[in-house]
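The sequence and the model come next.

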Amino acid sequence: MTARLSEALRGLAADVPPARVPDGLFDAARTRHRRRRAAVAGVLAVLVLLLGTGYALHPVALPMPASPRHDTPGLPTRLVEPPLRTASVRDSAPGAAAMLFGGPAVRTGWFETRMGVVAADADRYRVLDAGSAVAGFEALLSPDGRYVWAGPSLLDLKTGRFTPGRADGYPLAFAPNGERLVYADDETGFTPPNTYRTPYVGVHDVTRGTDVLRVRVGTAWIAPGRTAAVSPDGGELALQVRDEVWLTRVADAGADRVAEPYRKLPLAGGRLAGAGSWLPDGRSVAVLSRSTCTDCPVPSYRRTWTLASRSTVDGTPLAGAAFPSLPSRSFVQLLGWRSADEAVALVGVPSPNAVDRPDDHDIAWGPYHEPDTEAVELVVLRRGALTPEVLFRTPEGITDLSVAADLAISGAVRESGRAEYGPPPFWALAVGFVLAVLVALPVLSLLKRWRGRRRTRAWRPPT
């Protein structure tokens with residue numbers, strides 16, 4: 001490089017104006033960064049507030065949606081698994097139900113204690129959480145399908161709210177008209193090593209809001225499920241206490257509502273048949289005898305149930321053609337009678353690998369609900385028939401079932417249509433909002449940068 005060229009370059013450099021940094025450039029950048037962090041923190045705080053408020057203050061139950069209705073309510077011909085997005089009964093009441101059900105297909109890793117409900121007049125599915133209660137045992141559907149009774153709670157499916165004045169113990173049975181509830185005192189005592197005892201069993205009148213009968217049990221344990229039944233007129237209670245059926249009249253109760261049984265029928269290893277055990281005449285009850293089958297549908301499960309009726313007047317068996325036997329069935333729960341010769345019942349179907357085990361009236365892990373039950377059938381038992389008529393069978397994964405007895409007894413059935421699962425639950429809305437915010441923030445940031453670059457190019461002075 002020559003001396004003349006070096007002098008020329010120095011002259012050009014001297015003529016270039018010095019670069020000027022705008023005043024407050026770094027302060028403005030720092031301010032924008034702080035504002036952005038404050039905005040993100042504010043959004044997160046609002047999300048936390050919304051989530052906390054939503055779980056602390058339960059949403060108000062919404063009215064039933066305007067979905068297609070059937071002229072006549074009935075039991076659905078098909079039952080489906082409610083997906084994770086299904087609304088709860090408390091958030092969107094389904095109305096009177098046809099079925100209350102549970103099982104592995106209903107319980108998920110997120111909600112391990114939930115049950116499903118399907119309405120009687122349309123395929124409206126809802127879910128509810130009743131703790132460890134099992135549908136058909138510790139959780140019962142009322143005969144008209146309006147109430148779910150689980151533990152100490154009586155839930156109205158038309159409003160989605162709990163009914164005051166309920167019974168204080170765990171459920172045993174609804175009366176046929178649904179106006180009286182049979183419950184066992186939940187202050188169950190324990191005698192080591194394996195014996196439980198129930199102090200008393202009560203009959204609670206819902207309309208009057210008080211007990212009308214109490215039966216002292218003493219040293220026996222009364223399991224939920226099929227151990228009690230109220231007569232058609234609501235005046236008598238049949239209660240299984242170990243290997244006997246105790247018959248007690250409401251009219252015999254004293255001022256303290258306590259009455260002693262007027263008759264005790266020996267069961268000889270059998271059971272009371274369930275909440276529908278009283279025959280229509282009100283003078284006899286149905287009992288189940290247990291025996292061993294030879295040609296069993298499930299070879300490893302050799303239990304057979306046979307239905308018979310006993311007079312409450314003298315305890316003698318009633319004459320008549322025999323009902324069909326039920327081989328390889330884990331349980332039988334009588335819902336009621338279409339006539340003196342036709343009974344409607346729920347029966348448990350064991351899995352192919354199920355093993356029959358002896359009963360213990362003092363302790364049971366799942367009261368009379370065998371852990372190997374893989375399905376539940378709704379059947380009609382007719383005198384003189386060789387086999388029961390199967391009306392409905394739960395699909396795979398649904399192993400617990402309670403039905404509206406009024407619909408089952410009358411034979412009301414409706415064709416299933418398209419399932420409706422209600423409005424999205426609050427947790428789903430919250431998760432959707434969080435995801436929307438997480439997606440929106442980066443997008444807004446990119447748009448802001450893009451606009452800033454466009455402005456910079458538009459304002460660049462000509463060279």
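Arg242 sits in the loop that links β16 (236–241) and β17 (244–249); helices (H or I, at least four residues) and strands (E, at least two) are DSSP runs, numbered from the N terminus. The model is predicted, with local features needing pLDDT of at least 70 and side-chain atom pairs counting only at pLDDT 80 or more, while totals for chains, interfaces and linings use all residues. Residues are numbered from 1 along each chain as its sequence is written, and side-chain values use heavy atoms, with hydrogens and water left out.

**Positive phi in loops**

- Arg242 is not a glycine, yet has a positive phi of about 55°.
- Arg242 counts as partly exposed because its relative accessibility is 32% (buried means under 20% relative accessible area, exposed over 50%, partly exposed in between; 1.4 Å probe, protein chains only).
- Ser328, also not a glycine, has a positive phi of about 50° and lies in the loop between β22 (326–327) and β23 (332–339).
- Ser328 counts as buried because its relative accessibility is 0%.

**Nonpolar cores**

- A nonpolar core is a set of buried Ala, Val, Leu, Ile, Met, Phe, Trp, Tyr and Cys residues joined through side-chain atoms within 4.5 Å.
- The largest nonpolar core has 44 residues, of which Met99 and Leu100 touch the most other members.
- Strand β2 (residues 97–102) gives this core its largest share, 5 residues.
- Apart from this core lies another, of 25 residues, including Leu213, Val215, Ile222 and Val230.

**Around Met99**

- Beyond its neighbours within four places in sequence, Met99 is in contact (heavy atoms within 4.5 Å) with residues including Leu75, Val117, Leu141, Phe392 and Val403.
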